[in-house]
Amino acid sequence: MLFWVSECGSMAQARVGTKGMGRLSGGKGVVLIELKNRILAALNKLSDRDTQQLAVEDLERLAQGLTPEGLALFLACLYDTDAQQKSVVRRECIKLLGTLATLHRDLLASHLPKMVANIVRRLKDPDSNIRDACVDTIGILASQTGQGIEAGASLNVFVKPLFEALGEQHRNLQVGASLCMARVIDCTTDPDPPTLQLLCPRIAKLLGGSNFMGRAALLTTIASLSQVYVVKIVMVISKHSAPCTIFLTFVLPKTFCFPLWLFGIIQ
Amino acid sequence: MKVPGVVTGPVLATMITCVLEELENTEWAARKAAADTLTCMVNALGPSLNIFRAPCTTALQNCRFDKV
């Protein structure tokens, strides 16, 4: 307990320190090194059952007050955990990626490719718990990513590495990547139709191959794909009904649009 | 009548053929997933699947005696 209190105290100091020493070039490095030590200490504590809960709380608290440099450092520490670590550590590291994404949405864009690559690599893990955590986390990432400059750019960040993974002959990887793909399509904030349509022939090609091992999982991706518009329209309407109804009137055929328009008015 | 969605036109045709092929897969899990996917697609896309009604029914008839 005493140890915990002293940790909290020094953490508060560190946060004040980042503000105070921001202008000094030397001071900043010291703060970052201190932060790194604290993150590594917490990650080490994760592997012991007695200190596990404490470590999770510590890491979540550390994740909250991060500078951009701090975030990069935190992510680097999370990437470094390898297969030798206990499965609890590996799972928490994956979950923390999601936590960081929700806390630092605005800083996310530049880190995203590396985060996704890291998650995809973890899909090879023999522990199914961790693969499930990967699928959940990639869903969180997809829901936190805003629309990119180009249409579909934010989707491509996820889709490209996932397709590369689907091409590898590894059962867990193929199943996991298929599930991730379905989750990304379900969760994305930018369901760009041309990008999504490009996925279809590639999925068909994979299913046509005789030695593809994640068939059942990839079929759920097709289900997600075919549901995209129906779900998104309802979501958009509930957010801002008036401009959306106008949009729908121009884009959708009248027969399908009329009930939706009524729905928008009622809402 | 066409329902606008991501999966329409030729893309829909490829997807449906894929799913129907999977219905005849030797692996039970794949057949089950294909059936579930077909349910999802029918629910989501509805009337635009009208043209595919005949092959769909034949495929479903063929696996009528499959274990659930």
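Modeller: Chain A has 13 helices and zero strands, where helices (H or I, at least four residues) and strands (E, at least two) are DSSP runs numbered from the N terminus. This is a predicted model, in which local features need pLDDT of at least 70, side-chain atom pairs count only at pLDDT 80 or more, and totals for chains, interfaces and linings use all residues. Residues are numbered from 1 along each chain as its sequence is written, chains are lettered from A and ligands numbered from 1 in the order in which they are written, and side-chain values use heavy atoms, without hydrogens and water.

Colleague: Which elements does chain B have, from the N terminus on?

Modeller: The order is α-α-α, with three helices and zero strands. The radius of gyration of chain B, taken over C-alpha atoms, is 12 Å, close to the 11 Å of the globule rule (2.2 Å times the number of residues to the power 0.38) for 68 residues, so chain B is as compact as a globular protein of that length.

Colleague: How many of the residues in each chain are buried?

Modeller: Buried means under 20% relative accessible area (1.4 Å probe, protein chains only). Such residues make up 45% of the 267 in chain A and 43% of the 68 in chain B.

Colleague: What do the contacts in chain A join?

Modeller: A contact means heavy atoms within 4.5 Å. Of the chain A contacts between residues at least 6 apart in sequence, 67% join residues at least 24 apart.

How values were computed
Buried < 20%, exposed > 50% of the residue type's maximum accessible area, 1.4 Å probe, protein only.
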